[in-house]
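I opened my notebook to get to know a new protein. Here is what I looked up, entry by entry.

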Amino acid sequence: MYTSQYELVFINFYADWCRFSQILAPVFDETYQKVLKDFPESNRILFAKVDCDVETTLSSRFHISKYPTLKMVVNGKIMKREYRGQRSVEAISDHIKQQLKDPIEKIDTSDSFDSIDEKKASVIGYFEYPPESSMEYNVFRRVATDLKDDCKFYWVTGNGLHSNPHSGRQNIFSFKPARSKPGTKDEIHLGVTSDYNSLSKWATSKCISMVREITFENAEELTEEGLPFLILFHNPDDTESVELYTKTIQNELQQEASSVNFLIADGVKFAHPLHHLGKDKKDLPLIAIDSFRHMYLFPEFDDIKLPGRLREFVLDLHSGKLHREFHFGPDPTTKLVDDGFGNKVTSPPESTFKKLAPSRNRYTLLRDEL
(Lines give C-alpha, C1' and ligand atoms only; values in the text may rest on other atoms or scores of the structure.)
Protein backbone atom coordinates (compact mmCIF):
# COMPACT_ATOMS: atom_id res chain seq x y z
CA MET A 1 0.00 0.00 0.00
CA TYR A 2 1.53 3.32 -1.10
CA THR A 3 0.48 5.85 1.53
CA SER A 4 3.39 8.25 2.00
CA GLN A 5 2.07 10.70 -0.63
CA TYR A 6 -0.99 11.45 1.55
CA GLU A 7 -1.05 13.58 4.67
CA LEU A 8 -3.55 11.24 6.31
CA VAL A 9 -4.71 7.75 5.38
CA PHE A 10 -7.73 6.35 7.24
CA ILE A 11 -7.89 2.55 7.02
CA ASN A 12 -10.73 0.14 7.80
CA PHE A 13 -9.43 -3.36 8.60
CA TYR A 14 -12.42 -5.68 8.32
CA ALA A 15 -13.66 -9.20 7.64
CA ASP A 16 -16.73 -9.87 5.48
CA TRP A 17 -18.14 -12.43 7.92
CA CYS A 18 -17.82 -10.10 10.93
CA ARG A 19 -21.16 -8.58 11.99
CA PHE A 20 -19.54 -5.40 13.31
CA SER A 21 -17.62 -4.98 10.04
CA GLN A 22 -20.87 -5.29 8.10
CA ILE A 23 -22.49 -2.59 10.25
CA LEU A 24 -19.55 -0.22 9.77
CA ALA A 25 -19.19 -0.65 5.98
CA PRO A 26 -21.91 1.82 4.81
CA VAL A 27 -20.92 4.32 7.51
CA PHE A 28 -17.30 4.22 6.34
CA ASP A 29 -18.27 4.79 2.69
CA GLU A 30 -20.62 7.67 3.50
CA THR A 31 -17.99 9.29 5.72
CA TYR A 32 -15.50 9.22 2.87
CA GLN A 33 -17.89 11.11 0.60
CA LYS A 34 -18.49 13.73 3.29
CA VAL A 35 -14.81 14.22 4.11
CA LEU A 36 -13.87 14.42 0.44
CA LYS A 37 -16.14 17.46 0.06
CA ASP A 38 -14.42 19.19 2.98
CA PHE A 39 -10.88 18.32 1.83
CA PRO A 40 -10.88 18.12 -1.99
CA GLU A 41 -7.16 18.90 -2.29
CA SER A 42 -5.05 16.15 -3.81
CA ASN A 43 -2.77 14.15 -1.50
CA ARG A 44 -4.57 15.45 1.61
CA ILE A 45 -6.56 12.39 2.65
CA LEU A 46 -7.19 8.82 1.51
CA PHE A 47 -9.74 6.31 2.81
CA ALA A 48 -8.73 2.67 2.41
CA LYS A 49 -10.32 -0.71 3.18
CA VAL A 50 -8.40 -3.90 3.88
CA ASP A 51 -10.05 -7.34 3.79
CA CYS A 52 -7.97 -9.10 6.44
CA ASP A 53 -8.94 -12.56 5.19
CA VAL A 54 -7.33 -11.71 1.85
CA GLU A 55 -4.53 -9.33 2.88
CA THR A 56 -3.14 -11.42 5.73
CA THR A 57 0.38 -9.98 5.48
CA LEU A 58 -0.92 -6.42 5.69
CA SER A 59 -3.14 -7.36 8.60
CA SER A 60 -0.17 -8.78 10.48
CA ARG A 61 1.96 -5.73 9.70
CA PHE A 62 -0.63 -3.48 11.36
CA HIS A 63 -1.03 -5.90 14.32
CA ILE A 64 -4.78 -6.32 13.85
CA SER A 65 -6.32 -8.18 16.80
CA LYS A 66 -10.02 -7.43 16.31
CA TYR A 67 -12.54 -6.54 13.60
CA PRO A 68 -13.20 -3.90 12.51
CA THR A 69 -10.13 -1.82 13.41
CA LEU A 70 -9.78 1.77 12.22
CA LYS A 71 -6.19 2.99 11.97
CA MET A 72 -4.44 6.03 10.57
CA VAL A 73 -1.22 6.64 8.69
CA VAL A 74 -0.03 10.24 9.12
CA ASN A 75 2.83 11.60 7.01
CA GLY A 76 3.68 8.04 6.03
CA LYS A 77 3.87 6.85 9.67
CA ILE A 78 1.54 4.28 11.21
CA MET A 79 -0.14 5.84 14.22
CA LYS A 80 -0.14 3.62 17.29
CA ARG A 81 -3.43 5.05 18.47
CA GLU A 82 -6.40 3.79 16.51
CA TYR A 83 -9.82 5.42 16.21
CA ARG A 84 -12.03 4.26 19.08
CA GLY A 85 -14.78 6.85 18.96
CA GLN A 86 -18.41 6.56 17.96
CA ARG A 87 -19.00 4.68 14.71
CA SER A 88 -21.13 7.34 12.99
CA VAL A 89 -20.60 9.56 9.95
CA GLU A 90 -20.56 12.75 12.01
CA ALA A 91 -18.23 11.41 14.71
CA ILE A 92 -15.69 9.96 12.28
CA SER A 93 -15.70 13.00 9.97
CA ASP A 94 -15.25 15.32 12.97
CA HIS A 95 -12.32 13.17 14.09
CA ILE A 96 -10.73 13.43 10.64
CA LYS A 97 -11.14 17.22 10.68
CA GLN A 98 -9.42 17.36 14.06
CA GLN A 99 -6.54 15.27 12.74
CA LEU A 100 -6.04 17.63 9.80
CA LYS A 101 -6.30 20.74 11.94
CA ASP A 102 -3.08 22.69 12.47
CA PRO A 103 -1.83 21.35 15.85
CA ILE A 104 0.39 24.38 16.53
CA GLU A 105 -0.75 27.16 18.83
CA LYS A 106 0.61 30.51 17.67
CA ILE A 107 1.87 33.02 20.23
CA ASP A 108 2.50 36.56 19.02
CA THR A 109 2.11 38.63 22.20
CA SER A 110 3.91 38.64 25.52
CA ASP A 111 0.63 38.06 27.37
CA SER A 112 -0.30 34.98 25.32
CA PHE A 113 3.07 33.42 26.20
CA ASP A 114 1.61 32.79 29.65
CA SER A 115 -0.96 30.46 28.06
CA ILE A 116 1.63 27.73 27.58
CA ASP A 117 0.33 24.65 29.40
CA GLU A 118 2.79 23.79 32.16
CA LYS A 119 1.09 20.45 32.87
CA LYS A 120 2.02 18.93 29.52
CA ALA A 121 5.40 18.65 27.83
CA SER A 122 5.77 21.12 24.99
CA VAL A 123 7.96 21.88 21.98
CA ILE A 124 8.33 25.60 21.29
CA GLY A 125 9.64 27.28 18.16
CA TYR A 126 11.04 30.82 18.44
CA PHE A 127 11.15 32.46 14.99
CA GLU A 128 11.32 36.10 14.00
CA TYR A 129 9.70 35.90 10.56
CA PRO A 130 6.05 35.11 9.70
CA PRO A 131 5.40 31.34 9.83
CA GLU A 132 3.44 31.33 6.58
CA SER A 133 6.61 32.11 4.65
CA SER A 134 8.96 29.64 6.29
CA MET A 135 10.06 26.12 5.47
CA GLU A 136 10.70 25.61 9.19
CA TYR A 137 7.02 26.08 9.99
CA ASN A 138 5.95 23.44 7.47
CA VAL A 139 8.47 20.98 8.93
CA PHE A 140 7.34 21.88 12.45
CA ARG A 141 3.70 21.30 11.49
CA ARG A 142 4.49 17.80 10.19
CA VAL A 143 6.31 16.90 13.40
CA ALA A 144 3.51 18.39 15.51
CA THR A 145 0.94 16.34 13.60
CA ASP A 146 2.91 13.18 14.36
CA LEU A 147 3.29 13.91 18.08
CA LYS A 148 0.29 16.06 19.02
CA ASP A 149 -1.06 13.38 21.38
CA ASP A 150 2.22 13.36 23.29
CA CYS A 151 3.25 17.05 23.39
CA LYS A 152 1.84 20.53 22.97
CA PHE A 153 3.37 22.59 20.16
CA TYR A 154 3.80 26.37 20.14
CA TRP A 155 5.13 28.84 17.58
CA VAL A 156 6.38 32.09 19.13
CA THR A 157 6.86 35.07 16.86
CA GLY A 158 6.34 38.84 16.74
CA ASN A 159 5.91 40.52 20.12
CA GLY A 160 5.75 37.09 21.74
CA LEU A 161 9.51 36.86 21.31
CA HIS A 162 9.89 39.40 24.13
CA SER A 163 9.15 36.48 26.48
CA ASN A 164 11.83 34.26 24.95
CA PRO A 165 13.79 32.79 27.90
CA HIS A 166 16.75 31.78 25.74
CA SER A 167 18.69 35.06 26.01
CA GLY A 168 17.06 36.44 22.90
CA ARG A 169 18.08 33.49 20.71
CA GLN A 170 15.79 33.10 17.71
CA ASN A 171 15.19 30.54 14.99
CA ILE A 172 15.40 27.67 17.46
CA PHE A 173 13.22 24.86 18.82
CA SER A 174 13.21 24.03 22.52
CA PHE A 175 11.62 21.33 24.67
CA LYS A 176 9.90 22.20 27.94
CA PRO A 177 9.22 19.18 30.24
CA ALA A 178 5.85 18.83 31.92
CA ARG A 179 5.56 20.22 35.44
CA SER A 180 9.15 21.40 35.32
CA LYS A 181 10.48 23.10 38.43
CA PRO A 182 11.09 26.88 38.39
CA GLY A 183 14.53 27.58 36.98
CA THR A 184 14.65 24.36 34.94
CA LYS A 185 16.24 25.12 31.58
CA ASP A 186 14.52 24.02 28.40
CA GLU A 187 16.48 21.69 26.08
CA ILE A 188 17.40 23.21 22.72
CA HIS A 189 17.32 21.36 19.39
CA LEU A 190 20.82 21.62 17.94
CA GLY A 191 20.05 20.19 14.50
CA VAL A 192 18.98 21.89 11.27
CA THR A 193 15.61 23.58 11.86
CA SER A 194 14.35 22.83 8.34
CA ASP A 195 15.28 19.11 8.42
CA TYR A 196 12.18 17.00 9.14
CA ASN A 197 14.10 13.85 10.03
CA SER A 198 16.36 15.66 12.47
CA LEU A 199 13.55 17.54 14.19
CA SER A 200 11.28 14.50 14.24
CA LYS A 201 13.92 12.27 15.86
CA TRP A 202 14.73 14.91 18.48
CA ALA A 203 11.09 15.73 19.30
CA THR A 204 10.11 12.06 19.45
CA SER A 205 12.88 11.30 21.95
CA LYS A 206 11.64 14.16 24.15
CA CYS A 207 7.87 13.80 23.84
CA ILE A 208 7.47 10.03 24.08
CA SER A 209 8.65 9.07 27.52
CA MET A 210 9.30 5.59 28.87
CA VAL A 211 6.74 6.52 31.52
CA ARG A 212 3.25 7.35 30.29
CA GLU A 213 0.14 8.51 32.08
CA ILE A 214 -2.83 6.17 32.03
CA THR A 215 -6.26 7.79 31.84
CA PHE A 216 -9.77 6.48 31.32
CA GLU A 217 -9.45 7.69 27.72
CA ASN A 218 -6.32 5.67 26.83
CA ALA A 219 -6.71 2.70 29.21
CA GLU A 220 -8.28 0.43 26.58
CA GLU A 221 -5.48 1.24 24.15
CA LEU A 222 -2.75 0.53 26.70
CA THR A 223 -4.46 -2.66 27.84
CA GLU A 224 -4.61 -3.92 24.26
CA GLU A 225 -0.82 -3.70 23.99
CA GLY A 226 -0.82 -6.82 26.16
CA LEU A 227 2.09 -5.86 28.42
CA PRO A 228 1.77 -5.92 32.22
CA PHE A 229 1.52 -2.54 33.92
CA LEU A 230 3.95 -1.16 36.47
CA ILE A 231 1.94 1.74 37.86
CA LEU A 232 2.69 4.58 40.23
CA PHE A 233 -0.56 5.77 41.81
CA HIS A 234 0.02 9.30 43.04
CA ASN A 235 -1.82 12.35 44.29
CA PRO A 236 -2.35 14.75 41.34
CA ASP A 237 -0.46 17.48 43.24
CA ASP A 238 2.50 15.22 43.99
CA THR A 239 5.23 15.80 41.40
CA GLU A 240 8.11 14.61 43.57
CA SER A 241 7.10 10.95 43.54
CA VAL A 242 6.52 11.11 39.77
CA GLU A 243 10.02 12.47 39.23
CA LEU A 244 11.59 9.85 41.51
CA TYR A 245 9.65 7.01 39.86
CA THR A 246 10.52 8.22 36.34
CA LYS A 247 14.19 8.66 37.18
CA THR A 248 14.37 5.19 38.76
CA ILE A 249 12.83 3.55 35.70
CA GLN A 250 15.17 5.39 33.35
CA ASN A 251 18.18 4.35 35.44
CA GLU A 252 17.23 0.75 36.24
CA LEU A 253 14.58 -0.57 33.86
CA GLN A 254 15.28 0.59 30.31
CA GLN A 255 15.98 -3.00 29.27
CA GLU A 256 12.47 -3.98 30.38
CA ALA A 257 10.69 -1.39 28.21
CA SER A 258 9.65 -4.04 25.67
CA SER A 259 8.09 -6.30 28.32
CA VAL A 260 6.41 -3.86 30.73
CA ASN A 261 4.34 -0.70 30.37
CA PHE A 262 5.61 1.93 32.83
CA LEU A 263 2.70 4.13 33.85
CA ILE A 264 1.60 6.82 36.27
CA ALA A 265 -2.02 7.18 37.37
CA ASP A 266 -4.01 9.79 39.23
CA GLY A 267 -4.71 7.90 42.45
CA VAL A 268 -7.81 9.98 43.14
CA LYS A 269 -9.43 9.20 39.79
CA PHE A 270 -8.31 5.55 39.85
CA ALA A 271 -9.72 4.85 43.30
CA HIS A 272 -11.17 1.48 42.24
CA PRO A 273 -7.82 -0.30 41.71
CA LEU A 274 -6.61 1.14 45.02
CA HIS A 275 -9.67 -0.29 46.74
CA HIS A 276 -8.81 -3.74 45.37
CA LEU A 277 -5.37 -3.34 46.91
CA GLY A 278 -6.92 -2.40 50.25
CA LYS A 279 -5.70 1.18 49.88
CA ASP A 280 -7.13 4.64 49.36
CA LYS A 281 -5.84 8.14 48.59
CA LYS A 282 -4.33 8.60 52.07
CA ASP A 283 -1.89 5.77 51.22
CA LEU A 284 -0.54 7.53 48.11
CA PRO A 285 1.96 7.30 46.56
CA LEU A 286 2.18 3.57 45.97
CA ILE A 287 3.40 1.26 43.22
CA ALA A 288 1.76 -1.89 41.89
CA ILE A 289 2.02 -4.36 39.03
CA ASP A 290 -1.11 -5.40 37.16
CA SER A 291 -0.31 -8.58 35.24
CA PHE A 292 -3.90 -8.83 33.87
CA ARG A 293 -4.35 -11.81 36.17
CA HIS A 294 -3.53 -10.27 39.53
CA MET A 295 -2.34 -7.03 41.06
CA TYR A 296 0.86 -7.09 43.13
CA LEU A 297 1.70 -4.31 45.56
CA PHE A 298 5.25 -3.00 45.91
CA PRO A 299 5.78 -3.29 49.70
CA GLU A 300 6.92 0.25 50.56
CA PHE A 301 7.11 3.22 48.22
CA ASP A 302 10.28 4.54 49.91
CA ASP A 303 12.03 1.27 48.97
CA ILE A 304 12.24 2.73 45.46
CA LYS A 305 15.18 4.74 46.79
CA LEU A 306 17.12 1.51 47.42
CA PRO A 307 19.20 0.76 44.29
CA GLY A 308 17.82 -2.24 42.39
CA ARG A 309 14.73 -2.79 44.56
CA LEU A 310 12.17 -1.73 41.94
CA ARG A 311 14.00 -3.71 39.26
CA GLU A 312 13.94 -6.77 41.54
CA PHE A 313 10.16 -6.37 41.89
CA VAL A 314 9.72 -6.40 38.10
CA LEU A 315 12.08 -9.37 37.66
CA ASP A 316 10.09 -11.27 40.31
CA LEU A 317 7.08 -10.90 38.01
CA HIS A 318 8.98 -12.26 35.01
CA SER A 319 10.46 -15.17 36.98
CA GLY A 320 7.05 -16.16 38.29
CA LYS A 321 8.01 -15.51 41.89
CA LEU A 322 5.10 -13.15 42.53
CA HIS A 323 2.62 -15.63 41.10
CA ARG A 324 4.29 -18.58 42.81
CA GLU A 325 3.98 -16.90 46.18
CA PHE A 326 0.34 -16.25 45.43
CA HIS A 327 -0.24 -20.02 45.26
CA PHE A 328 2.33 -21.43 47.70
CA GLY A 329 3.05 -18.67 50.19
CA PRO A 330 6.11 -16.49 50.60
CA ASP A 331 9.64 -17.60 49.88
CA PRO A 332 11.77 -17.64 53.04
CA THR A 333 13.28 -14.24 52.27
CA THR A 334 10.07 -12.55 51.14
CA LYS A 335 8.63 -9.70 53.14
CA LEU A 336 4.88 -9.95 53.76
CA VAL A 337 2.80 -6.90 52.85
CA ASP A 338 -0.01 -5.24 54.73
CA ASP A 339 -3.38 -5.53 52.99
CA GLY A 340 -4.58 -2.25 54.51
CA PHE A 341 -6.65 -3.96 57.15
CA GLY A 342 -3.87 -5.00 59.52
CA ASN A 343 -3.29 -8.39 57.90
CA LYS A 344 0.03 -9.58 56.47
CA VAL A 345 -0.61 -11.35 53.18
CA THR A 346 0.98 -12.40 49.91
CA SER A 347 -2.22 -13.22 48.01
CA PRO A 348 -2.70 -10.44 45.43
CA PRO A 349 -6.16 -9.24 44.35
CA GLU A 350 -7.56 -9.91 40.91
CA SER A 351 -6.59 -7.59 38.05
CA THR A 352 -8.84 -4.57 37.54
CA PHE A 353 -7.29 -3.14 34.38
CA LYS A 354 -8.05 -6.23 32.29
CA LYS A 355 -11.68 -5.15 32.52
CA LEU A 356 -10.76 -2.10 30.43
CA ALA A 357 -9.77 -4.23 27.42
CA PRO A 358 -11.65 -3.87 24.07
CA SER A 359 -15.41 -4.31 24.39
CA ARG A 360 -16.97 -7.46 23.00
CA ASN A 361 -20.01 -5.36 22.13
CA ARG A 362 -18.06 -3.36 19.53
CA TYR A 363 -15.54 -5.79 18.07
CA THR A 364 -15.06 -9.37 16.97
CA LEU A 365 -11.96 -10.35 18.94
CA LEU A 366 -9.65 -12.58 16.92
CA ARG A 367 -8.83 -14.85 19.84
CA ASP A 368 -12.53 -15.79 20.02
CA GLU A 369 -12.29 -17.30 16.55
CA LEU A 370 -9.26 -19.49 17.25
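Which residues have the most contacts inside the largest nonpolar core? I found Leu 230, Tyr 245, Ile 249, Phe 262, Ile 287, Leu 310 and Phe 313, in a core of 21 residues.

**Ground rules.** I am reading a predicted model, where local features need pLDDT of at least 70, side-chain atom pairs count only at pLDDT 80 or more, and totals for chains, interfaces and linings use all residues. Residues are numbered from 1 along each chain as its sequence is written, and side-chain values use heavy atoms, with hydrogens and water left out.

**Overview.** I noted ten helices and 18 strands in the protein. Both are DSSP runs numbered from the N terminus: helices (H or I) have at least four residues, strands (E) at least two. Of the 370 residues, 47% count as buried. Buried means under 20% relative accessible area, exposed means over 50%, and partly exposed is in between, with a 1.4 Å probe and protein chains only. I also looked at contacts, meaning heavy atoms within 4.5 Å. Among contacts between residues at least 6 apart in sequence, 73% join residues at least 24 apart.

**The largest core.** I went back to the core of 21 residues. A nonpolar core is a set of buried Ala, Val, Leu, Ile, Met, Phe, Trp, Tyr and Cys residues joined through side-chain atoms within 4.5 Å. Strand E12 (229–234), helix H7, strand E13 (261–266), strand E14 (286–290) and helix H9 each supply at least two of its residues. H9 gives the most, with four residues. I then picked out Phe 262 and listed what it touches, leaving aside residues up to four places away in sequence: Met 210, Val 211, Arg 212, Leu 230, Tyr 245, Ile 249, Leu 253, Glu 256 and Ala 257. Apart from this core lies another, of 20 residues, among them Ala 121, Tyr 137, Phe 140 and Val 143.

**H7 against H9.** How do these two helices, H7 and H9, cross? The axes of H7 (residues 240–252) and H9 (residues 309–319) come within 9 Å and cross at roughly 70 degrees. Axes here are lines fitted to C-alpha atoms, for helices over the stretch in contact, and angles run from 0 to 180 degrees between N-to-C directions. H7 and H9 are therefore roughly perpendicular to each other. On that scale, under 35 degrees is roughly parallel, over 145 roughly antiparallel, 65 to 115 roughly perpendicular and the rest oblique. H7 brings Tyr 245, Thr 248, Ile 249 and Glu 252 to the contact, and H9 brings Arg 309, Leu 310 and Arg 311. By class I wrote down three nonpolar, one polar and three charged residues for this contact. Ala, Val, Leu, Ile, Met, Phe, Trp, Tyr, Cys and Pro count as nonpolar, Asp, Glu, Lys and Arg as charged, and the others, Gly among them, as polar.

**H1 against H3.** I turned to H1 (residues 19–38) and H3 (residues 89–100), which pack at about 45 degrees with axes 9 Å apart. They are therefore oblique to each other, and their crossing is right-handed. The contact of H1 with H3 has six nonpolar, two polar and five charged residues.

Most residues other than glycine have a negative phi, and most peptide bonds are trans. I looked for departures. The bond from Tyr 67 to Pro 68 is cis, with omega near -15 degrees, and Pro 68 sits in the loop between strand E3 (66–67) and strand E4 (69–74). The bond from Leu 284 to Pro 285 is also cis, with omega near -5 degrees; Pro 285 is in the loop between helix H8 (271–276) and E14.

Asn 43 has a positive phi of about 65 degrees and lies in the loop between H1 and strand E2 (45–51). Phe 292, in the loop between E14 and strand E15 (295–297), has phi near 75 degrees. Which of these is buried? Phe 292 is buried, with a relative accessible area of 17%, whereas Asn 43 counts as partly exposed at 38%.

Conventions
Left-handed = near helix turned anticlockwise from the far one by under 90°.
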